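Try each task yourself before you read its solution.

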Amino acid sequence: MEKIAYLVIGAAMAIVVMTLLPMSHMNKSPGMTDTDMPMDMSQMPNMDAMHQHPPREVSPELPMPSVNHLMFPDMMDGFNIQILTSNFSFTPAAINRAPVDNEGHAHIYVNGVKIARVYSDWYHLPGTILKMGDNEVRVTLNANDHSEWTVDGVPVSSVVRVQISAASQ
């Protein structure tokens with residue numbers, strides 16, 4: 001009986017949430033479900049514009065952090081990104097707290113659009129995010145408050161270009 005009560009309460013809450021919050025800003029054809037909708041990066045909001053944080057200069061007395069990243073094709077889908085840092089620690093438990101030099105997380109951008117925050121040195125990039133042709137995948141190092149770490153005003157970042165062809169899909 002208790003399980004039925006939880007199901008009824010959960011279903012009622014789901015109906016309230018679905019009524020109050022729009023589920024999608026994209027137009028669907030009749031009978032089309034959310035899983036049928038293709039991911040169209042041009043319809044995504046520009047996350048850079050929505051999440052502007054001032055740059056944060058690395059203290060000159062400390063070792064300068066750096067980042068590089070490697071992209072490995074995933075046999076199932078997309079790419080696995082390995083983020084290689086030096087003089088930097090991922091600190092997921094400190095997110096949204098005061099910045100600490102050479103600590104924080106990474107942001108991943110594809111073709112200039114922020115797609116993820118990353119709290120460790122690996123990330124799976126779904127193939128649906130990439131477009132046919134040339135793609136720029138950029139990784140930045142960010143402080144606990146999400147500001148970008150910079151050295152002499154230049155963001156601490158890494159860029160890899162990936163070509164997607166019909167054969168690679």
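## Exercise 1: rings and their neighbours

**Task.** How many aromatic pairs does the structure hold, and how are Phe88 and Phe90 arranged?

**Solution.** 
Step 1. The structure, which is a predicted model, holds two aromatic pairs.
Step 2. Take Phe88 and Phe90: their ring centres are 5.4 Å apart, and their planes make an angle of 90°. Planes over 60 degrees apart count as edge-to-face, so this pair is edge-to-face.
Step 3. Now check Phe88 for burial. Its relative accessible area is 9%. The cut-off for buried is under 20%, so Phe88 is buried.
Step 4. One more ring to look at: Arg138 lies over the face of Tyr109, at 4.2 Å from the ring centre. Keep Arg138 in mind for Exercise 3.

## Exercise 2: the whole chain

**Solution.** 
Step 1. Read along the sequence, and you get α-α-β-β-β-β-β-β-β-β-β-β-β.
Step 2. Look at the contacts with a separation of 6 or more: 62% of them are between residues 24 or more positions apart.
Step 3. Finish with the surface. Of the 169 residues in the chain, 30% are buried. The accessible surface comes to about 10,700 Å², and carbon and sulfur atoms own 61% of that.

## Exercise 3: salt bridges

**Task.** How many salt bridges are there, and which residues are joined into one network?

**Solution.** 
Step 1. Start with the general idea: side chains of opposite charge can pair when their charged atoms come close.
Step 2. The count comes to four salt bridges. Let's go through some of them.
Step 3. Arg161 and Asp134 meet through their side chains at 3.2 Å, N to O. The cut-off is 4 Å, so the pair counts as a salt bridge. This pair links distant parts of the chain: Arg161 is in strand S11 (residues 157-164) and Asp134 is in strand S8 (residues 133-142), 27 residues apart.
Step 4. Arg161 also has a salt bridge with Glu136, again given as 3.2 Å, N to O.
Step 5. Arg161 is exposed at 52% relative accessible area. Asp134, at 34%, is partly exposed, and Glu136 counts as partly exposed at 24%.
Step 6. Then there's Glu148 with Arg138, whose closest N and O atoms are 3.7 Å apart. Glu148 is in the loop between S8 and strand S9 (149-151), while Arg138 is in strand S8, 10 residues apart. Glu148 counts as buried at 17% relative accessibility, and Arg138 counts as buried at 18%.
Step 7. Now the network: salt bridges that share partners join Asp134, Glu136 and Arg161.

## Exercise 4: a nonpolar patch

**Task.** Which residues make the nonpolar surface patch of about 360 Å²?

**Solution.** 
Step 1. The patch is made by Leu70, Phe72, Leu84 and Trp122.
Step 2. Pick out Phe72, and you'll find it in strand S2 (residues 66-73).
Step 3. With a relative accessible area of 36%, Phe72 is partly exposed.

## Exercise 5: far in sequence

**Task.** How many residues apart in sequence are Val151 and Glu57?

**Solution.** 
Step 1. Find Val151 in strand S9. At 23% relative accessibility, Val151 is partly exposed.
Step 2. Val151 and Glu57 are 94 residues apart in sequence, yet 5.8 Å apart in space, C-alpha to C-alpha.
Step 3. Set aside the neighbours within four places in sequence, and Val151 is in contact with Glu57, Val58, Met64 and Val156.

## Exercise 6: positive phi

**Task.** Are Asn102 and His146 buried or exposed?

**Solution.** 
Step 1. Asn102 isn't a glycine, but its phi is positive, about 60°. Asn102 sits in the loop between strand S4 (89-90) and strand S5 (103-110).
Step 2. His146 has a positive phi too, near 80°, and lies in the loop between S8 and S9.
Step 3. Compare with the 20% cut-off: Asn102, at 11%, is buried, and His146, at 8%, counts as buried.

Terms used: Residues numbered from 1 in each chain as written. Predicted model: local features only at pLDDT ≥ 70, side-chain atom pairs only at ≥ 80, totals over all residues. Heavy atoms only, no water. Phe/Tyr/Trp six-rings, centres within 6.5 Å; stacked < 30°, edge-to-face > 60°. Buried < 20%, exposed > 50% of the residue type's maximum accessible area, 1.4 Å probe, protein only. Lys NZ or Arg CZ within 6 Å of the ring centre and 35° of its normal. Patch = residues over 30% accessible without salt bridge, like charges linked within 9 Å, V, L, I, M, F, W, Y side chains within 5 Å. Areas by Shrake-Rupley, 256 points an atom, 1.4 Å probe, with all protein chains shown as cover. Helix = DSSP H or I, 4+ residues; strand = E, 2+ residues; numbered from the N terminus. Contact = heavy atoms within 4.5 Å.
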